[in-house]
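Take a first walk through this structure. Begin with the strands, then turn to the helices.

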Amino acid sequence: MRKITLANGRNIEVDCLSCALTSGAIEPDGGVVVETEYFHAHQDVAYPIRGLIIVASKRHITSLDELDEREKIDYINLLTKIRRAQRDILGIEYVYYFYNEDTTHHFHTWMVPRYEWMYHFGRSIESVRPVLLHARNHMNTGEHLSEVMEAIAALRQELNK
Ligand SMILES: [Zn+2]
């Protein structure tokens with residue numbers, strides 16, 4: 001068991017945070033954006049970036065090559081559907097995708113929208129971590145959080161109709 005501090009300051013003990021989220025044992029702040037048979041999508045509000053989505057498998061696996069045939073199809077269809085909604089509903093022109101296998105959580109993909117202000121931190125992959133830290137440390141204000149919550153609600157509505 002590991003102790004994890006959630007975005008809302010609550011401390012919990014879980015074996016795997018992704019399992020806790022995808023099974024519904026923990027409700028992410030802002031709620032589930034969309035769920036399929038094999039995947040679960042939510043926003044990590046600790047990083048208050050409008051339209052940022054994390055897509056996690058429901059199965060406790062580590063790597064892309066562990067997905068079975070049905071999961072692979074579900075995965076790409078869900079990513080595509082979310083990407084389309086980010087574009088159509090939120091006007092997001094570019095998204096960075098990030099997924100690493102050496103994480104303490106299980107298989108999950110970050111979809112990080114690209115906004116103008118982020119170019120201040122660089123133009124490519126090297127800017128991702130500084131951008132996320134900037135958001136976490138300097139954007140946890142009421143204005144950004146309400147923007148993030150509105151985007152979650154808009155995406156949820158679009159993706160569940
Ligand atoms: Zn897990």
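The paragraphs below cover a sheet and a pair of helices.

This is a predicted model: local features need pLDDT of at least 70, side-chain atom pairs count only at pLDDT 80 or more, and totals for chains, interfaces and linings use all residues. Residue numbers start from 1 along each chain as its sequence is written.

Start with the sheet. Strands of a sheet pair through backbone hydrogen bonds, either parallel or antiparallel. Here 5 strands form an open sheet, ordered β3-β4-β5-β7-β6, and the pairing is antiparallel. Strands (E, at least two residues) and helices (H or I, at least four residues) are DSSP runs, numbered from the N terminus. Two strands pair if DSSP finds at least two bridges between them. The edge strands are β3 (32-35) and β6 (95-98), and each pairs on one side only. From one strand to the next, the twist averages 20 degrees.

Look inside the sheet. Strand β5 (residues 53-57) pairs with strand β7 (residues 108-113) over 4 bridges, in the antiparallel sense. Val-55 stands opposite Thr-109 in β7.

Now the helices. Helix α2 (residues 69-90) packs against helix α4 (residues 142-159) at an angle of about 120 degrees, with their axes 10 Å apart. Axes are lines fitted to C-alpha atoms, for helices over the stretch in contact, and angles run from 0 to 180 degrees between N-to-C directions. Which residues of α2 make the contact? They are Lys-81, Ile-82, Ala-85, Ile-89 and Leu-90. From α4 come Ala-151, Ala-154, Leu-155, Glu-158 and Leu-159. Contact means that C-beta atoms, placed from the backbone, lie within 7 Å.

Note on methods: Two residues are in contact if their C-beta atoms, placed from the backbone, lie within 7 Å.
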